[in-house]
Amino acid sequence: DPYSSDPERHPVLHINNLKPFNAEPPPEILSDSYITPSAFFFKRNHLPVPKVDPASYQLSVEGLPGGVLTLSLEDLKTKFSKHTVTATLQCAGNRRSEMNKVKQVKGLNWGIAAISNATWSGAKLRDVLLAAGYGPDVAKWACHVQFEGLDKDVTGTTYGASIPLKKAVSEEGDVLLAYEMNGEELPADHGFPLRVVVPGTVGARNVKWLGKIIVSTEESSSHWQQNDYKGFSPGTDWDTVDFKSAPAIQELPIQSAVTTPADGAVVDRSAEEVTVKGYAWSGGGREVVRVDVSLDGGKTWQVAQLRTSDKGQAPEPSPPPGQAWAWKLWEVTAPLPAEAQELEIVCKAVDNSYNMQPDTVPPIWNLRGVLSNAWHRVKSGCLA
Ligand code: MTE
Ligand code: MO
């Protein structure tokens, strides 16, 4: 069993698939802490977790005029300055289950918690590429930076993905080769000993157990770059889909969801008030500027309070424009509408480009169930 050496996981996680391991935390845990503890951070593996010996680990950087650069973990930690970035990771399939309710899609049936927020530390990819010979001349021919994982399928094919060279080398892109998560060594499930963290970019490009970096004229040829993680029209089906016709997902759209009350939970009417909590995030470093919450299915709205730190801690300073990599948690406490038997709680977020979420799923439905970001709706009964 290639999965027999997979690490142990926290029992509270909801498992979507055991081998390979795919799991998300209960939604209310997400809004309990601004920084998601690593044990609760969602886990999305396509393959068995590879066992990597940190002492003999080597990262190779290829495709630059200087030839191949090989770096040990020690090199990465000592020859490059250490940067720390708080960034939210979201799987392209987060909230896929809501698309499944409209019409069957292919993929893991994620709820609303295939998203988490952590503090990552490591070397800047930009610094490593510069050390490997990157210069302005390279930008004249190269367009992409490919990443290969050390995790393999039975045929020896490794996980792979790529990002635009521009993002990889930009000072403001904040792309990290991370060896720490939340102040500790990277856990096995999250890519020990090294992963790429591409802030603002879909989870799939944040390659774990990183073995190789290739600067190239081409995108990664991997299945996950070419024939997966792309969006299509609701009218496209498996007979007509042409994966070459759509770009690979990189930056993700604006997103938000209600983490508590849970769908179907009963609210105590004697309390007279209800507190609604959730998360909001946008891709590409766009900052969430507002979250609107409704208790009556969208007839009336209130503006939620946003926060960027754990309760009792100083809020993180506002990020420079275009570098809002981390989510905001939000909260609203509102009087229970008189005589309502049921609440239909709805949330929708707005980012600083005034991008907003679509109100329903059908117009954004797609056969892979990715980019599911409609207004999130939760029904909750009121106890008399
Ligand atoms: N990297 C490797 N090597 N193998 C993988 O299966 N999964 C990707 C990405 N990086 C994956 C990978 C996907 S689809 C996502 S959403 C994120 O890792 C999940 O990261 P996490 O498990 O740390 O939450
Ligand atoms: Mo993903």
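**Figure 1. Secondary structure and overall dimensions of the predicted model.** The protein is made up of six helices and 22 strands, where helices (H or I, at least four residues) and strands (E, at least two) are DSSP runs numbered from the N terminus. Its radius of gyration is 21 Å, close to the 21 Å that the globule rule gives for 384 residues, so the protein is as compact as a globular protein of that length; the radius is taken over C-alpha atoms, and the rule is 2.2 Å times the number of residues to the power 0.38. Taken along the principal axes, the box filled by the C-alpha atoms is roughly 70 × 55 × 45 Å. This is a predicted model, in which local features need pLDDT of at least 70 and side-chain atom pairs count only at pLDDT 80 or more, while totals for chains, interfaces and linings use all residues. Residues are numbered from 1 along each chain as its sequence is written, chains are lettered from A and ligands numbered from 1 in the order in which they are written, and side-chain values use heavy atoms, with hydrogens and water left out.

Figure 2. Among contacts (heavy atoms within 4.5 Å) with a separation of 6 or more, 72% are between residues 24 or more positions apart. The exposed surface comes to about 16400 Å², of which carbon and sulfur atoms supply 52%; accessible areas come from the Shrake-Rupley method with a 1.4 Å probe, and for residues only the protein chains shown count as cover. There are 37 positive and 45 negative side chains, and the centres of the two sets lie 3 Å apart; Lys and Arg count as positive and Asp and Glu as negative, without His and the chain ends, and each charge is placed at NZ of Lys, CZ of Arg, CG of Asp or CD of Glu.

Figure 3. Most residues other than glycine have a negative phi, and most peptide bonds are trans. The bond joining Phe192 and Pro193 is cis, with omega about 5 degrees, and Pro193 lies in the loop between β11 (184–185) and β12 (195–197). A cis bond also leads from Thr260 to Pro261, with omega near 5 degrees, and Pro261 belongs to the loop between β14 (255–260) and β15 (266–268). Glu339 has a positive phi, near 65 degrees; this residue sits in the loop between β20 (328–335) and β21 (342–351) and is exposed, at 72% relative accessible area. For Leu371 phi is near 60 degrees, and this residue, in the loop between β21 and β22 (376–383), counts as partly exposed at 26% relative accessibility.

Figure 4. Thr259, in strand β14, is buried at 2% relative accessibility. Its side chain makes a polar contact of 2.6 Å with that of Ser31, a polar contact being a pair of N or O atoms within 3.5 Å of which, within protein, one must be able to donate a hydrogen and the other to accept it, and residues adjacent in sequence count only if both atoms are side-chain atoms. Beyond four places in sequence, Thr259 touches residues including Pro27, Ile112 and Tyr279. Trp327, in the loop between β19 (305–307) and β20, has a relative accessible area of 0% and is buried. With neighbours within four places left aside, its contacts include Leu30, Tyr34, Ile115, Tyr279 and Trp281. The C-alpha atoms of Trp327 and Val288, 39 residues apart along the chain, are separated by 7.7 Å.

Figure 5. Asp75, in helix α2 (residues 73–78), counts as buried at 16% relative accessibility, and its side chain reaches the backbone nitrogen of Ser72 at 2.9 Å. Leaving aside neighbours within four places, Asp75 is in contact with Thr70 and Phe80. Ser162, in strand β9 (residues 158–164), is buried at 1% relative accessible area, and its side chain reaches the backbone nitrogen of Ser220 at 2.9 Å. Among the residues that Ser162 touches beyond four places in sequence are Val145, Arg205, Glu219 and Gln250.

How values were computed. Buried < 20%, exposed > 50% of the residue type's maximum accessible area, 1.4 Å probe, protein only.
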